[in-house]
Amino acid sequence: MKLSELSKLIGESPTLNLNAKTAALKKEGKPIVHLGGGEPESPAPLSAVEAIIKKAQTRQIKYSPTTGGVELKKAVCAYTKQNYGLDIGNANVIVSTGAKQAIYNFLLCAVNPGDEVIFPVPYWVSYPDMITLVGGVPVPVKAASGIEVSFEEIAKAVTPKTKVIMFNNPGNPAGIVYGADFVKKLVEFCEQKGIYLMTDDIYHQLVFDGVKTPSPFAYAKNPDNIVAINGVSKVYGLTGLRIGWAVSTNKEMIAAMGRMQAQTTSCNSDVTEAGALGALVGPQDCVEELRKTLESNRNALIEELRKIEGLNLTIPKGTFYFFVDFSYYNKDSNALAAFLLEKVMVATVPGASFGLDGYLRISYCASKENIFEGMRRIQWALDKKATGELKIGETIIKKDW
Ligand SMILES: Cc1ncc(COP(=O)(O)O)c(C=O)c1O
């Protein structure tokens with residue numbers, strides 16, 4: 001029996017694979033430091049936990065409304081008003097199984113086979129495969145210099161086949177916050193050209209140094225071509241709930257996305273929707289606490305990275321990732337990440353997975369202790385002048401490279 005052609009086009013998720021690999025090594029008792037993770041370590045907000053317990057205690061755990069419960073949608077409308085200054089109603093919201101399903105629903109409704117979808121490099125690992133899965137053609141756009149793509153570089157990649165431009169703000173893996181000038185130009189350009197603009201804003205409150213993530217809706221005359229993606233995974237550290245959403249003033253698009261959802265997952269989990277509602281209507285100080293912790297972790301990581309010779313640092317302004325140019329040591333990021341995992345048991349994600357070789361993504365959503373320990377090992381592994389031995393717990397590692 002042969003697999004479908006489509007199934008052969010889709011690769012495994014490098015980040016989910018890495019999680020599985022590091023978990024297996026940890027289980028074997030290896031003292032792994034995981035600096036490749038994509039989820040905050042913060043405990044779930046109490047309001048979310050209490051709402052889940054309350055829901056479970058009703059002993060009514062059934063199908064929920066296909067596109068999300070009424071109260072949860074209302075909470076998403078309030079969130080949108082507060083964070084984007086946009087007034088919308090429940091018909092402008094679809095709640096999905098994670099931001100990922102919201103993005104799929106959108107792509108399924110926007111892209112015809114052969115349509116081109118533009119996005120900046122470095123990109124979230126899933127974008128190219130997600131576009132391929134819906135029959136689209138991924139068009140990654142690289143900056144001519146540095147790692148921040150300009151509006152002009154994106155505009156230059158547009159062809160008559162361009163159907164969607166999508167970007168992640170702030171961006172995984174480099175923590176780039178695309179500013180008001182970039183967003184305004186992109187919004188005006190897409191509106192004028194009739195191109196869909198999808199903003200994946202899953203990290204939008206996790207920004208540093210007083211920077212704010214601009215709202216694309218602020219610059220549109222008619223924002224019907226804009227779809228904004230959000231969720232509870234990153235901002236509330238609730239990755240396990242699998243609740244995300246899309247909002248748009250375009251009700252026809254939201255309704256079509258709902259039909260896709262009805263025929264794929266039917267609806268979200270009744271229980272985790274209750275948890276997401278708890279998080280959204282509960283006290284919001286957990287978000288600021290997480291943001292502050294991440295900013296402090298990032299600052300600590302900057303200091304550690306500055307101790308390593310030859311690195312080219314672009315300071316992240318948001319998310320919980322640092323995308324570091326390690327090409328001074330090895331231009332092959334897969335080889336370098338494998339070397340660090342094998343020799344000093346530190347997990348990082350190779351830049352090649354995000355479309356830029358020579359880089360490694362280092363997460364600072366880990367504890368400070370893990371960040372310091374991971375960096376101590378990386379510094380030692382890369383420093384040619386470092387002494388011949390490194391102590392990791394009771395284990396002594398000897399340099400054989
Ligand atoms: C840029 C980006 N978008 C979407 C997602 C997926 O979010 P969710 O867990 O809500 O599906 C992630 C998760 O890593 C991400 O980094």
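Visitor: Which element gives the largest share of the shell around the ligand, and how many residues come from it?

Guide: The model is a predicted one, and in it helix α5, residues 98–110, supplies the largest share of the shell around the ligand, namely three residues. There are 13 residues around the ligand, and those that come nearest are G98, A99, K100, W124 and S233.

Seven strands make up an open sheet with mixed pairing, and their order is β2-β8-β7-β6-β5-β3-β4. The edges are taken by β2 (93–96) and β4 (137–141), each of which has a single partner strand, so one side of each is left without a neighbour in the sheet. On average, neighbouring strands of this sheet are turned by 20 degrees against each other, direction ignored. Within this order, strand β5 (residues 162–168) and strand β6 (residues 196–200) run parallel and are joined by five bridges, and V164 stands opposite Y196 in β6. Helix α4, residues 70–84, lies across β2, β7 (226–231) and β8 (244–247), and its direction is at about 110 degrees to β2.

Another pair of strands, β13 (residues 389–392) and β14 (residues 395–398), runs antiparallel and is joined by four bridges. Here I392 has T395 in β14 as its bridge partner, while the hairpin of β13 and β14 has two residues between the strands, and G393 takes a positive phi near 60 degrees in it.

A pair of helices remains to be described. The axes of helix α11 (residues 285–306) and helix α13 (residues 368–382) come within 10 Å and cross at roughly 15 degrees, which means that α11 is roughly parallel to α13. The crossing of these two helices, α11 and α13, is right-handed. On the side of α11, the residues that take part are N297, A300, L301 and E304, and they meet K368, I371, F372 and M375 in α13. The residues of this contact of α11 with α13 divide into five nonpolar, two charged and one polar.

Technical notes: Residues are numbered from 1 along each chain as its sequence is written. This is a predicted model: local features need pLDDT of at least 70, side-chain atom pairs count only at pLDDT 80 or more; totals for chains, interfaces and linings use all residues. Axes are lines fitted to C-alpha atoms, for helices over the stretch in contact, and angles run from 0 to 180 degrees between N-to-C directions. Angles under 35 degrees count as roughly parallel, over 145 as roughly antiparallel, 65 to 115 as roughly perpendicular and the rest as oblique. A crossing is left-handed if the near helix is turned anticlockwise from the far one by less than a right angle, and right-handed if clockwise. Two residues are in contact if their C-beta atoms, placed from the backbone, lie within 7 Å. Ala, Val, Leu, Ile, Met, Phe, Trp, Tyr, Cys and Pro count as nonpolar, Asp, Glu, Lys and Arg as charged, and the others, Gly among them, as polar. A residue is near a molecule or strand if its C-beta atom, placed from the backbone, lies within 6 Å of it. Two strands pair if DSSP finds at least two bridges between them.
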